[in-house]
Amino acid sequence: MRKVIIMGAAGRDFHNFNVFFRNNNTYKVVAFTATQIPDIDERKYPSALAGKLYPRGIPIHPEPKLKDLIKKHDVHVVAFCYSDVSYRHVMSVASEVIAAGADFMFMGPECCMLKAKVPVVAVCAVRTGCGKSQTTRKVCRLLMERKKKVVAVRHPMPYGDLKKQIWQRFEDLKDLKKHDCTIEEREEFEPLIRMGVTVYAGVDYFEILKRAEKEADIIVWDGGNNDFPFYRSDLHIVLLDALRPGDELFYHPGEANLRMADVAIINKIDSAAAEDVEEVRSNIREVNPKATIVDAASPVFCDDPEKIRNKRVLVIEDGPTLTHGEMAFGAGIVAARKYGARELVDPKPHAVGSTRESFEKYPEIGSLLPAMGYGSEQIKDLEKTINKVDCDCVIVATPVDLSKLIKIKKPSVRVTYEIDEIGKPDLRGVIDDFLKKK
């Protein structure tokens, strides 16, 4: 029996355990290590999920303890199971593992993709913040226009009590409160629910699939970070970012996504330099010449642009896009420039608690505020920080309307964004071709 540590971030790691290691007598998983997600380490993967081979569950430790854990448990294999990290980071971790005496393992589609009884359309990306969510919404809308019953299955975000999150179904906005959803979960679930799309998420994607395929004509896999799908897809759509040319070839597992893609969407070309768009296009053709390439923009919309014009503004952007997505700016900054803000107010001097810690961990974040809300404490710290900042207006550029979750004690405007294909081919044609073939 080979002893294993699974490295993860409360998502791919749990899934790979469930589908490959859980009932596998060849391996004994002695621990998970966790990164990226606050407060997930020093907990346990519960026995209710771990199965009969693990009656006491499996401990989850902080990733910095990895080397000591390898030595302590005489570990044979370390499986790397999280996403949106540079090749340099991955190989640095691999070198640490090898030097400690263990093998380093990647897990591909054959051992961790599940097959659905209904067609699956997957929406994934090469980096966090490329535009997956808006693309998922558009794909769902196009399928619904064609009278298909669509169920979206979201990449996991189980940051609470794992035993209560084995599988979750969201059909009504009340379900968000019922399941005590974080800001990150609400950002992904709420827009789809408002469209009339039922959303599933959780920890055990066997259990989720059994339920989703019973009520769906088509499942839309709504990817997270730059991970590849948990379900085998019949149409694999992958987003690329023209503002980050080259990243599609240097981040794990984003390049794998690109190489598997049926459709590659180059997004944000309205904001990017022409040479950067062409670099991305050339990279697609180099590694996946069979992929259909779609050009797209992400235009921003504001409910009251005059509140921005000539004002000192605080911009709040999607948290994961700015942090491990490494984006310097998002839709809020675009809106501030478009509608003539006089000044971007830097929130860093006013940051409190976990918000301050986010700035310390990600020093490259500019004069804007990441909407980090993985738990109640982070949400409280975000609210305190916003209200301490001296500004004329707050630009809220998160997928969920923060003003409904926290009290913003100053004028605010909401900025939204949708994917808008340019020319042909477009998503409408892609979906029509897919339905004809299926």
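Q: What makes two strands a pair?
A: Two strands (DSSP runs of E, at least two residues, numbered from the N terminus, as are helices, runs of H or I of at least four) pair if DSSP finds at least two bridges between them. In this predicted model, local features need pLDDT of at least 70, and side-chain atom pairs count only at pLDDT 80 or more, while totals for chains, interfaces and linings use all residues. Residues are numbered from 1 along each chain as its sequence is written, and side-chain values use heavy atoms, leaving out hydrogens and water.

Q: How many bridges join S8 and S13, and in what sense?
A: Strand S8 (residues 120-125) and strand S13 (residues 235-241) pair in the parallel sense over 5 bridges, and Ala125 stands opposite Leu239 in S13.

Q: Why are S10 and S23 called edge strands?
A: In the open sheet of 9 strands, with the order S10-S11-S9-S12-S8-S13-S15-S16-S23 and mixed pairing, strand S10 (167-170) and strand S23 (420-421) each pair on one side only.

Q: What is the span of H4 against the expected one?
A: Helix H4 (residues 87-99) has 13 residues and reaches 18 Å from first to last C-alpha, close to the 18 Å expected at 1.5 Å a residue, where the expected span is 1.5 Å times one less than the number of residues.

Q: Why do the buried residues of H4 line one face?
A: Val90, Val93, Ala94 and Val97 are buried, that is, under 20% relative accessible area with a 1.4 Å probe and protein chains only. Seen down the axis of H4, the buried residues fall within an arc of 100° (taken from the directions from the axis to the C-beta atoms), so they line one face of the helix. The face turned away carries Arg88 and Ala99, which are exposed, meaning over 50%.
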